[in-house]
Amino acid sequence: MTDIAEVKRVVVAGKQRMTPSEALIETLVAQGVRDVFGIVGSAYMDALDLFPAAGIRFIPTVHEQGAAHMADGYSRVSGRHGVCIGQNGPGITNFVTAIAAAYWAHSPVVAITPETGSMGVGLGGFQETDQLPIFSKITKYQAHVNNPARMAELTARAFDRAILELGPTQLNIPRDYLYGEIECEIPAPNRIERGPGGGASLDAAADLLAQARFPVIIAGGGVVMSNGVEAATALAEALDAPVCNSYLHNDSFPASHRLWCGPLGYHGSKAAMKIIARADVVLALGSRLGPFGVLPQYGFDYWPASAKLIQVDADPKVLGLVKKTAVTVNGDAREAATALAARLAHRSLACTANRDERMGIVRSEKEAWAKELAEWDFEKDAWSLEVAKGSQYMHPRQMLRELERAMPEDAMVSTDIGNICQIANSYLKFSRPRSMFGAMMFGNCGYAFPTMIGCKAGAPERTAIAYVGDGAWCMSFGEILTCVRENIPVTAVVFNNQQWGAEKKNHVDFYSNRFLGVNLDNPSFAGIARAMGAEGVTVERVPDVAEAFRQACKAQKDGRTTIVELMCTRELGDPFRRDALKKPARLLDKYKKFQ
Ligand SMILES: Cc1ncc(C[n+]2csc(CCOP(=O)(O)OP(=O)(O)O)c2C)c(N)n1
Ligand SMILES: [Mg+2]
């Protein structure tokens, strides 16, 4: 067996005769691909055969959805492409949910999708489906290899476009086109440098910031993706402007910094919300200001509607899309932050006059929120009080605080979609970028665990942690086998409240506790983990959480994956979709009682 680490990754130079499989693999090498996630299939076996000799590791997964999520996590942590591949037809349709998730996470994932052979298309042979329309709305670019001679060209373009357009792309290959002989040259990667944005818009943005009396910065995902945290920090310091993280980007500005306020959005920081509510100028740096991330929270509509908004983003299509802007800058977040700081360096700033007062507000709001969280032990609504009464299990907030206390410095944390995972948003603080991997706006249950396996594959030296609710866990725990078989150790923290809690909360709030399909009768998840070759521990008491979590994280150093099953009460925090649900109205007699 070839030792991949020993392989010299040199791409063949100049025009050469080769097979299309060889052209595909050589182009992957040219693009810097080291790992590919997938499930084996006859459709691409001719290319797969060459992976080891090319120095590419094939990481077999349990499910293709897992493979594509892993590619997403891998790309988010490394800033490089994540790549997945599968069998034509069902292997490829299994990618769909995860590619949609990667789309909304802006991840440069390349889905390689072998397709029915060109001579069989339309005949309804085996495993046939039209694979381009399926991905047309969830990819930034679709390359279809319409002739084997174009294999290298189109492969390279799929990789280039994923970086250029900040999102997944598809490389669709009729399976018979991997065979034969072609003559081609392997293209070098075409990386296009991004600039800071237009000079006039940067001037206008600098003018607004210089005149601002209470400037506030929102650091978005673009700050992370552009490696722009230092530049954002320098700009914030130049203005002494408080900085909020955009929703689920808690790693876009260091929590240890005096100007950090915490995340906006669902179960975010009240301090961040109260501070931004005072802004007269908001600089959204590398953020599309997605509508779900700026909704009122805690009964408080914090968005400063009369403030002047400067929005900076690398994608021009998101500028001014959701919130009314005063100035838009189409640029890279890091470059734009640097350009703005340079423009402000020798100017007098209106906000210098009230600096001490502003800093006092930032300090006191942060202290107040920290105190509120420290004293917020459990949910206080009638239903939560009732179900938690007499339960021997843990209040989620107390448990989340313990996890926060024991969080390793180098942690990467992914969060799933669920009530407890969202409450965790208040308790996740990071000092470095590429540390938080929320399920983002596609919001699919089952995201966090496979994504974190991909993160660990991309950054094996860091501690990998997935937060997952018990419902979502059952969608994804199969990938424990990937951790074990492939020696990719991860810690999964499973919040076992025996329910699809986030949806149950809607039954409580809107449907008079008419529960349907939300209660879960669970097996022992720790036991399942052990049966699958991982470690499994169950924790029922708050004082035991931190130690179990620490041990599980430490075990990664010995290559061991641990599932920490935390037994929680059935209490529930604020609902997800208060914005989208209504009290039921029934017009037909037979349904009248369902009000
Ligand atoms: C794939 C998918 N199916 C269904 C949903 C709807 N949904 C959102 S949250 C949720 C409940 C999550 O339950 P669990 O994972 O146990 O976490 P909890 O809310 O109990 O903390 C469901 C079913 C979804 N977001 N994604
Ligand atoms: Mg649950």
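Analyst: R347 and D207 pair up in a salt bridge, with the closest N and O atoms 2.7 Å apart. Here a salt bridge is a side-chain nitrogen of Lys or Arg within 4 Å of a carboxyl oxygen of Asp or Glu. This pair links distant parts of the chain: R347 is in the loop between α13 (333-344) and α14 (355-375), while D207 belongs to helix α9, 140 residues apart. Helices (H or I, at least four residues) and strands (E, at least two) are DSSP runs, numbered from the N terminus. R347 counts as partly exposed at 34% relative accessibility, and D207 is partly exposed too, at 30%. For those labels, buried means under 20% relative accessible area, exposed over 50%, and partly exposed in between (1.4 Å probe, protein chains only).

A quick word on the ground rules. This is a predicted model, where local features need pLDDT of at least 70 and side-chain atom pairs count only at pLDDT 80 or more, while totals for chains, interfaces and linings use all residues. Residues are numbered from 1 along each chain as its sequence is written, chains are lettered from A and ligands numbered from 1 in the order in which they are written, and side-chain values use heavy atoms, with hydrogens and water left out.

Next, D240. The side chains of R355 and D240 meet in a salt bridge at 2.6 Å, N to O. R355 lies in helix α14 and D240 in the loop between α11 (229-239) and β10 (243-245), so the pair ties together parts that are 115 residues apart in sequence. R355 is partly exposed at 29%, whereas D240 is buried at 11%. Salt bridges with shared partners join D240, R258, R355 and D356 into one network. Leaving aside neighbours within four places in sequence, D240 is in contact (heavy atoms within 4.5 Å) with R258, L259, R355, R358 and M359.

One more pair: R191 forms a salt bridge with D160, the closest N and O atoms being 2.8 Å apart. R191 is in the loop between β8 (182-184) and α9 (199-211) and D160 is in helix α8 (residues 151-164), so distant parts of the chain are linked, 31 residues apart. R191 is partly exposed at 40% relative accessibility, but D160 is buried at 13%.

Across the whole structure, the search turns up 27 salt bridges.
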